[in-house]
Amino acid sequence: MKTHVRCGTLFSAVDQEARPGQTLVYDDRGVLEFVGPTAQAPKAAPGEPVLDHSRHFVMPGLIDIHVHLAYGNAKSEEDIDLYSPLEFRALRGLFFAQKLLAAGYTALCSPGDAGQVSLSIRNAIRAGLFDGPRVSAAGPYITARQSLTDWYPTWIGAPSTSIGRLVANRDEAIEEIRVQAKNGVDCVKIALDGIQRRPDGSLIAAFTEDETSVMVREIQRLGRKAVVHAIGREAVLYAARAGVDVIFHAFDLDDECIEAVLKSGSAIAPTLTFQRNIIEFTQDREPASTNGRVDHAQRQYERACKNLAKAHKAGVTMMAGTDTGFAVTPYGEWHARELEIFVDDLGFAPAEALLAATRTNARFLADSDKVGRLEPDRAADFVALDGSPLENISILLDKSRIQSVYLAGKHMALPQRDYDPREVTDKALVSWTDVYSQARVAELRRDKPLRRAAE
């Protein structure tokens, strides 16, 4: 049994062109057999379904290369690491993965989560137990003392439920890589820097260049993709020289870094949506505002856009991801904002941005031979839109424009349930966001009368 899809306009992602009057034909496995002009398409046999998207813009399912399925729309690092058992995080992550599918994202990479949370979600979907997007999964970050994820004081240490696995030397790092490969990860993530800086303000690489190269070689020897978190110049340079597959962020890269990235063929996935949302959504009363994080994000965003636009112009491969999983980047909401940023701030044409979120991202995924383009022998993963993102990239953020989502030819119509964050994620025992000294209370009373206790 074949299924025939009449497309008003088709963007196949084979090239940058969108063509009118096209047809897709796929078999009962959800594998494409024909993609081309309707006039040349096979005729539908009696009883074969014909899907009418003749008024719609049809394109491959979108891909987000940076979604943390275990984070749960977290408001704090403690919410990510401590307050929910791994079993609940897996169930919660599956619920949130379905929100991406409803937003037109048929595949994702979850690059670094606690335990085997993302692996379990991936395996459950692959086994057909649940509907959900295609998932490529990592285990915990490989972390050192100057890395992301080693947030806690040394007298507490790294919790076993953390998203990072703290290693003390290269032998421990290699052993952790081998364990993760045995567990079946698609990629291994190294936290190559964090938040610790030198007196001159530069971010400190958590591993030496030699240590980085040893880890990357082992990851790739085991047939996995090597990815790194690297914001600072030093970490980006080490990552590029080691030949990692993807560098996340790379905000502080310079000309030497760009040259090294081009030489190695590494890709960069900026995830600027996270920074942009911190800047625009954080309310004045929230800790991220009062502790200076918003101002820091603003400076970082401006610097990153300048540096990454230069990298794009030089020919560096860019992938689209959002760092979804935080309170400012909730699942199913802001994924296409990265494409807006690519167009508005990095100098991409709309077609280039669409290719980044389809064909280019697909090269990194475990299902790279099946997804990212609409052509024969690939999966019938596609979305039908009301309007053309080539004319206005922002329509991808408008859920009312998403008419249909198909995964392996199957129409995805998942119920969209609301949830209470207090029951799902918000477990940190925070009761106040201020310290109420007499001076602070007097200041607040000048601005607004405070609530009085009943007498």
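In the predicted model, the second largest pocket is lined by 22 residues, and I125, R126, R134, L407 and A408 are those that lie nearest its centre. The space within this pocket amounts to about 420 Å³. Two secondary-structure elements, α3 (117-126) and β7 (134-137), each supply at least two lining residues. The largest share, 3 residues, comes from α3.

The largest nonpolar core comprises 108 residues, among which I247 and L339 touch the most other members. When residues up to four places away in sequence are not counted, the contacts of I247 are V228, A230, V236, A239, A240, V261, S266, A267, I268 and A269. Another core, of 16 residues, lies apart from the largest one and includes C109, C187, V246 and A267.

An open sheet is formed by 7 strands, arranged in the order β3-β2-β1-β4-β14-β15-β16 with mixed pairing. In general, strands of a sheet pair through backbone hydrogen bonds, in either a parallel or an antiparallel manner. Within this sheet, strand β1 (residues 3-11) pairs with strand β4 (residues 50-60) in the parallel sense, over 6 bridges. R6 stands opposite D52 in β4.

Definitions and conventions:
Residues numbered from 1 in each chain as written. Predicted model: local features only at pLDDT ≥ 70, side-chain atom pairs only at ≥ 80, totals over all residues. Heavy atoms only, no water. 1 Å grid on protein atoms, 1.4 Å probe; cavity = no way out; pocket = protein on both sides within 12 Å on 5 of 7 lines; lining within 4 Å. Points joined across faces, edges and corners; volume = space filled by probe spheres on them. Helix = DSSP H or I, 4+ residues; strand = E, 2+ residues; numbered from the N terminus. Core = buried A, V, L, I, M, F, W, Y, C linked by side-chain atoms within 4.5 Å. Buried < 20%, exposed > 50% of the residue type's maximum accessible area, 1.4 Å probe, protein only. Contact = heavy atoms within 4.5 Å. Pairing = 2+ DSSP bridges.
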